[in-house]
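I opened my notebook to look up charged pairs and surface patches.

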Amino acid sequence: MLKALRRRSPASTRASVLTMQEPLLGAEGLDYDTFPEAPASPRERTRAGALQNRRVFLATFAAVLGNFSFGYALVYTSPVIPALKLSSDPALHLNKIQASWFGSVFTLGAAAGGLSAMVLNDLLGRKLSIMFSAVPSVIGYALMAGARGLWMLLLGRTLTGFAGGLTAACIPVYVSEIAPPGVRGALGATPQLMAVFGSLSLYALGLLLPWRWLAVAGEGPVLIMILLLSFMPNSPRFLLSKGRDEEALQALTWLRADSEVHWEFEQIQDNVRRQSSRVSWAEAQDPRVYRPILIAVLMRFLQQLTGITPILVYLQTIFDSTSVVLPSQQDAAIVGAVRLVSVLIAALTMDLAGRKVLLYVSASIMFVANLTLGLYVQFGPRSLTPNGTVGLEIMTLGDTEQSPATSFNYLTLIPLLATMLFIMGYAMGWGPITWLLMSEVLPLRARGVASGLCVLVSWLTAFVLTKYFLLAVNAFGLQVPFFFFSAICLLSLLFTGCCVPETKGRSLEQIEAFFHTRRMSFRP
């Protein structure tokens, strides 16, 4: 089959390349078709699509188990820090500073994982890099499960963060490269969805298991991921970039459950051949190369600056600033439920409404929520001053102390509702879509390195925000960070309108060709 594809004439090859770059990019509306084929009845199309997507779904599920582990590890400190603060073992008892580092060192490990992905993504490939992440993850959980001192806890936390950062860079790329355009949006939301499931699982198990057994339970999804991925194909685009054409054709044929994949294979093959070499520093100065990379990096940077990490880390403190008294388990359940529902909404509507529409809605909701929180703190019945927020100095992800109940006031529900509104806005747009767009817009030649750069920037930003949030609160008051976050949300709206292309329904080859035309839209 592959030999037959290679016997195409040069004229035929040039014609197919030109056809891919211009007419398809200019096509609009219902006439747009990435992979034209002979007409088929609706029943035949449904049956063929179901079989095709079933295998893609299986490969995606195997990969995003890494995101499940990431979400689990991210909130591992929530039930563990309170337990260790009460520990009778002096080697494991955590003071305030140690607890803060135990919670935040995960982000440094994730940044290191993103840095390593810049090399491993192109050296080992997407699938093997995801599988490799299991090594530091398993070791990290084992260290925390058998911890006899603080250094074992911190090292284990760092290693699980490293694994999370590596998978965060590799999984979106793998999923986008194996998925057909029609379901790539929905599948692109699954990493965020599985991360939310992982967090919810940790919260649920935290009610039943002691902290050591929570670490042991974290090993399960990692081992299942390795087992399933062993039977899944690698990315056809990666295999073609390494000259393994026969394997690439076999992988694409398996994923599509169809032997007639000539047109899609030729399209991918032509694109890979034009980008057979890696990007040099001189080529990186070409707008066709640096513009999509810059868009992806800035989206990850802006995503963190909206305030998601500090709000999640200090969520209990925000609730404690009101008269609404809720146990920490209920807080976690509310946050998890809202995130889950919102990510499901994004997954179901991403290929219908489009990426940009959801980004607009998401940023608008986050703007309103952050502004509401800032105004409440400034003018509300319990306006907090720097002296009044001293409790923030000692709060970490797992703190659970509750302030005594006071007289009920309906206005004190505003922070709770606004925080839930913020979580909803983030989870339905800027949470999952930034990861999806990162994997869609990055050029193939730089996709591995650039995705690692995006993760590195994201988690370094998260670490800085988490550590300096308390300093800003104590210096200026709790309202100032929320006003800053709301301003960033407005900036995100402008950035989406000016710089982010709509990628709904486009193949990765078309998206890349779009940046080569230097146009700001897919429209002619």
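**Entry: salt bridges**

I kept in mind throughout that this is a predicted model. How many salt bridges does a search of the whole structure find? I got two.

I looked at Arg-126 and Glu-177, which form a salt bridge with their closest N and O atoms 3.0 Å apart. This pair links distant parts of the chain, since I placed Arg-126 in helix H7 (residues 126-132) and Glu-177 in helix H9 (residues 150-178), 51 residues apart. Are the two partners buried or exposed? I noted Arg-126 as buried, because its relative accessibility is 1%. Glu-177 also has a relative accessible area of 1%, so I wrote it down as buried.

I then turned to Arg-244, which forms a salt bridge with Glu-247. Here, too, I read 3.0 Å between the closest N and O atoms. With a relative accessible area of 35%, Arg-244 is partly exposed. Glu-247 counts as partly exposed as well, at 37% relative accessibility.

**Entry: nonpolar patch**

Which residues form a nonpolar patch on the surface? I listed Leu-207, Leu-208, Leu-209, Trp-213 and Val-216. Together they have about 530 Å² of accessible area.

Buried would have needed a value under 20%, and exposed one over 50%.

How values were computed: Residues numbered from 1 in each chain as written. Predicted model: local features only at pLDDT ≥ 70, side-chain atom pairs only at ≥ 80, totals over all residues. Heavy atoms only, no water. Patch = residues over 30% accessible without salt bridge, like charges linked within 9 Å, V, L, I, M, F, W, Y side chains within 5 Å. Areas by Shrake-Rupley, 256 points an atom, 1.4 Å probe, with all protein chains shown as cover. Salt bridge = Lys/Arg side-chain N within 4 Å of Asp/Glu carboxyl O. Helix = DSSP H or I, 4+ residues; strand = E, 2+ residues; numbered from the N terminus. Buried < 20%, exposed > 50% of the residue type's maximum accessible area, 1.4 Å probe, protein only.
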